[in-house]
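Here is a colleague's note for a first look at this model. Please keep the sequence and the 3D view open while reading.

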Amino acid sequence: MSYLDDRRLMIKIANMYYEAGETQSTIAQKIGVSRSLISKYLSKSKELGIVEIIIHDEEYHTVSSLETKLEKKYGLREVVCLPETEQGNIKIQLGTAASKYLLRMIRNNQVVGVSSGTTLYEVATAMTSSQYFSNVCFVPIVGGMGDERLDIHANHIVAKLAEALKATYHLLHAPVVVDSKETKEIILKQSSIKNTLEMGNQADIALVGIGGSPKHSTMVKSYKDYGIIDDLNEKEIAGDICYNFINDEGNLIENEWNEKTISADINKLKNIPLVIGVAAGEEKVRGIRAALRGELIHVLITDEITAKLLLEN
């Protein structure tokens, strides 16, 4: 009879590991066998049904299933799905979830590119940590939006995130959209603006919101007096990411608005190792789906209702 056929010993080892909480190395010393053999005993005990692992996920069972389905359908690295609830502001909840995720993934000596908007403002508001990241640098990857709600501008958000984590940050002193393509070219030649956007293009992590159609867009509302909006083909536009309009395949649309937008290069966004998209809402489903099809994000933080809609054909 081999060692692994000793059921009594198998049960003893399982009790020591799962009930008493002893390490495999400690158990190996007490039993008088190698640590690798202890590992084999534990695997065998699960195979024979001596040990059953039960995950009590009643509260999160539905969203856990949705996360897995979305990850598989769109090839995502991870999905964080918030359970449907009638209580609380969904943007605040998204902000809290995204701040926790970012905190889990961030490492010292990294550059984090940040877009703007009401949802990302909530990420910065929710960010708190006893751990400091003095060698992390936050950089805006979009310009500012008009004169309203300065608190949702990328500059304000990066400063707020940096303050919470005792990190450093750069500012981008440029509007998100300018009067002409020629003006944009001149602005992008300014060394401080060029350097900040280049840092964003080469970031280790990017945190972005995803917008819906122009009629639901915060930026369009901010720039409604520019005279560009009437020229937009809203049927072609699925949504926006970094304030660049994209089509249903996640490709950048050739229009006057995109030609005048000052932001990180959407095509270079795909080269950033980790892009976290934070968005929810029925009006944003088409835009989120487009970003997923275009492989513009690796991680999606959303809610249960949005997740279900994204799984529909």
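Where is glutamate 295 found? Glutamate 295 sits in the loop between α13 and β9. Point 6 returns to this residue.

1. **Ground rules.** This is a predicted model, in which local features need pLDDT of at least 70 and side-chain atom pairs count only at pLDDT 80 or more, while totals for chains, interfaces and linings use all residues. Residues are numbered from 1 along each chain as its sequence is written, and side-chain values use heavy atoms, with hydrogens and water left out. Helices (H or I, at least four residues) and strands (E, at least two) are DSSP runs, numbered from the N terminus.

2. **The largest nonpolar core.** A nonpolar core is a set of buried Ala, Val, Leu, Ile, Met, Phe, Trp, Tyr and Cys residues joined through side-chain atoms within 4.5 Å. Buried means under 20% relative accessible area, exposed over 50%, and partly exposed in between (1.4 Å probe, protein chains only). The largest core has 44 residues. Val208, Ile241, Leu292, Ile297 and Leu310 touch the most other members. Elements giving two or more residues to this core include α4 (61–74), β1 (78–82), β5 (205–211) and α14 (304–311). Helix α13 provides the largest share, 5 residues.

3. **Isoleucine 241 and a second core.** Contact means heavy atoms within 4.5 Å. Setting aside neighbours within four places in sequence, isoleucine 241 is in contact with Val208, Gly209, Ile210, Ile246, Ile266, Leu269, Leu296 and Ile297. There is also a second, separate core of 32 residues. Leu82, Phe133, Ile157 and Leu274 are among its members.

4. **Strand β8.** Look at residues 274–278. In this strand, 5 of the 5 residues are buried, so β8 is largely enclosed by the rest of the structure. Both faces are covered. Leu274, Ile276 and Val278 lie on one side, and Val275 and Gly277 lie on the other. As a general point, side chains in a regular strand alternate between the two faces of the sheet.

5. **The partners of β8.** Two strands pair if DSSP finds at least two bridges between them. Strands β5 and β8 run parallel and are joined by 5 bridges. Here isoleucine 205 stands opposite leucine 274. Strands β8 and β9 (residues 299–303) also run parallel, with 3 bridges. Glycine 277 stands opposite leucine 300 in β9. The chain passes from β8 through α13 to β9, a right-handed β-α-β crossover. Right-handed means that, with the strands pointing away from the viewer, the path from the first strand over the helix to the second runs clockwise.

6. **Two positive phi values.** Most residues other than glycine have a negative phi. Cysteine 242 has a positive phi of about 55° and is not a glycine. Its place is in the loop between β6 (239–241) and β7. Glutamate 295 has a positive phi too, near 55°. Glutamate 295 is exposed, at 59%.

7. **Aromatic pairs.** Rings of Phe, Tyr and Trp (its six-membered ring) pair if their centres lie within 6.5 Å; planes under 30 degrees apart count as stacked, over 60 as edge-to-face and the rest as tilted. The count comes to 2 aromatic pairs. Tyrosine 17 and tyrosine 18 have ring centres 4.9 Å apart and planes at 85°, so this pair is edge-to-face. Tyrosine 17 is partly exposed at 28%, and tyrosine 18 is partly exposed at 33%. Phenylalanine 245 and tryptophan 257 form a tilted pair, 5.8 Å centre to centre with 50° between the planes. This pair links β7 to helix α11 (residues 256–259), 12 residues apart in the chain. Phenylalanine 245 and tryptophan 257 are both buried.

8. **Glutamine 24.** This residue is in helix α2 (residues 24–31). Glutamine 24 is buried, at 14% relative accessibility. Beyond residues up to four places away in sequence, glutamine 24 touches Tyr17, Arg35, Ile38, Ser39 and Leu42.

9. **Helix α9.** In residues 191–201, the buried ones are Ile193, Thr196, Leu197, Gly200 and Asn201. They cover an arc of only 145° around the axis, which puts them on the same side of α9. The arc is that of the directions from the helix axis to the C-beta atoms. Ser191 and Lys194 are exposed on the other side. The buried residues of α9 pack against β3, α8 (181–188) and α12.
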